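Trainee: I am new to this structure and would like to look closely at a single part of it. Could you take me through one place slowly?

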Amino acid sequence: MSQKPKPSHGLAACPGCAEPLDSGDRFCGACGYDLSAVPAAGIGPDRPTVAIGTPVNWPDAPPREPGSLSTMTQHPGDLPGTDSGGHDLPAEGTAPAPAATGDFELAAPDPRAAVRVDDPVPVPGAAPAPVSARGQAQQAPAPVSAQAQAQQAPAPGAAHGDGLCVACRAGRVDTDGYCENCGHAQPRERDHMERELGGVAAVSDRGLRHHRNEDAFAVSATTLPDGSPATLAVVCDGVSSATRPDEASAAAAEAAGAALCAALPRGTHPQQAMHEAIVAASEAVNSLAEKAADGEPHRNAPACTIVGSVVADGLLVVGWVGDSRAYWVPDDRTAPAARLTEDDSWAAQMVAAGLMNEAEAYADERAHAITGWLGADAYELDPHTVAFKPDRSGVVVVCTDGLWNYAEGPEDMARVVPADASDRPLHGARVLVGHALDGGGHDNITVALVPFAVPPQGAGSA
């Protein structure tokens, strides 16, 4: 994908009116905002970290093949992960850097020259829409995506055996999934999906306001070349302002999950595998775009965000594009939780530029304008990947904003994650979805829990 020049002032949109900006602009062409007064944002790699122990002796990946995805980014040997100060892990055979204490740090996000608006900010005090009964997706062999589950589902109404409307219990359900008597839309399989496999679990729910579920997920368990286990979870959130967002999220989750399940058993470094999985997801979403008369992709092409996590051989790897998030919640709640991702969003850019604090930025109606997404009309594909080696056991919370809107800070998320989430991830995911529904359920809600276990002899103090 071709790269466009980025604005020298470090902003994709005007802080005053959200008008898109060009490189070299000194004033906003729409409202006249003085861009020279904007402090420069520190641009660097996204490297959130948690405390680590010793470096991981990861097996070498196969040689790079000409034209393969692995030639599009760094070789696995160049991706050692980071320590708790944001520095590369020491090379094999050298002493590890001492683990740091205190809060982790996040680098400022890269600016982009475009934004998309996902869901509006919830309206306080608005009454929730009526909730119909929800079906539950059937399990399928791994790797399993939410879309795969939906494809295996019976037609609306068929799950009830008699084909009668679940609302009036009198009318028949037509082929479009609506009651011929009262017009009530019947529950669809994607309205509520659950999956648990190999110690990782995910739950997705339509929420209380949306007419369909535009989120999707994929969870799986596989093995590394030495036979040790690896678990993974991918969560995608369709951009509601785009066309067919539900198809975009499903295609991305399925492609990313399949790419990870293929790469990890070959010995590909998990951080490299995550990068390649996001590239594969992007290509899957791009393929959904319809071409305009001039041959260019439609400007409102299907789009989604993505976040994924892999736990393998002592490594915790996270990758993302957009504003879906991953959190680290230790089993020992006396240790601090951490947010492992930094949003590609207008709000994050305002905070990084020093123009607003987090509370102000996320209260703004432009907060959910995203600056990074998967889709044919995306400005550029810039996957973020980071690697960690936690020094204690815990659980990774991989979720869409339908959940984190109700538990935004790491300490907030730690409070709502059940204490036994590592042992009962499906139960924990259900509890978190219930927390979002109790909070109003203004958006689709999807969460995956990926436990991370550290053997007693490998534990250390943070």
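Trainee: Is Thr385 buried or exposed, and what is its relative accessible area?

Mentor: Before the answer, please note that this is a predicted model, in which local features need pLDDT of at least 70 and side-chain atom pairs count only at pLDDT 80 or more, while totals for chains, interfaces and linings use all residues. Residues are numbered from 1 along each chain as its sequence is written, and side-chain values use heavy atoms, with hydrogens and water left out. Thr385 is buried, because its relative accessible area is 17% and buried means under 20%, exposed over 50% and partly exposed in between, with a 1.4 Å probe and protein chains only. Thr385 belongs to strand β13, residues 384-388, where strands (E, at least two residues) and helices (H or I, at least four) are DSSP runs numbered from the N terminus. The C-alpha atom of Thr385 is separated by 4.2 Å from that of Gly319, although these residues are 66 apart along the chain.

Gly319 is in turn one of the residues in contact with Ile306, as are Trp320, Val321 and Leu374, contact meaning heavy atoms within 4.5 Å. Ile306 is among the residues with the most contacts inside the largest nonpolar core, which has 39 residues; such a core is a set of buried Ala, Val, Leu, Ile, Met, Phe, Trp, Tyr and Cys residues joined through side-chain atoms within 4.5 Å. Strands β7 (303-312) and β8 (315-321) each supply at least two residues of this core, whereas helix α2 gives the most, with eleven residues. Apart from this core lies another, of 32 residues, including Trp346 and Met413.

Key
Lists of a residue's contacts leave out its neighbours within four places in sequence.
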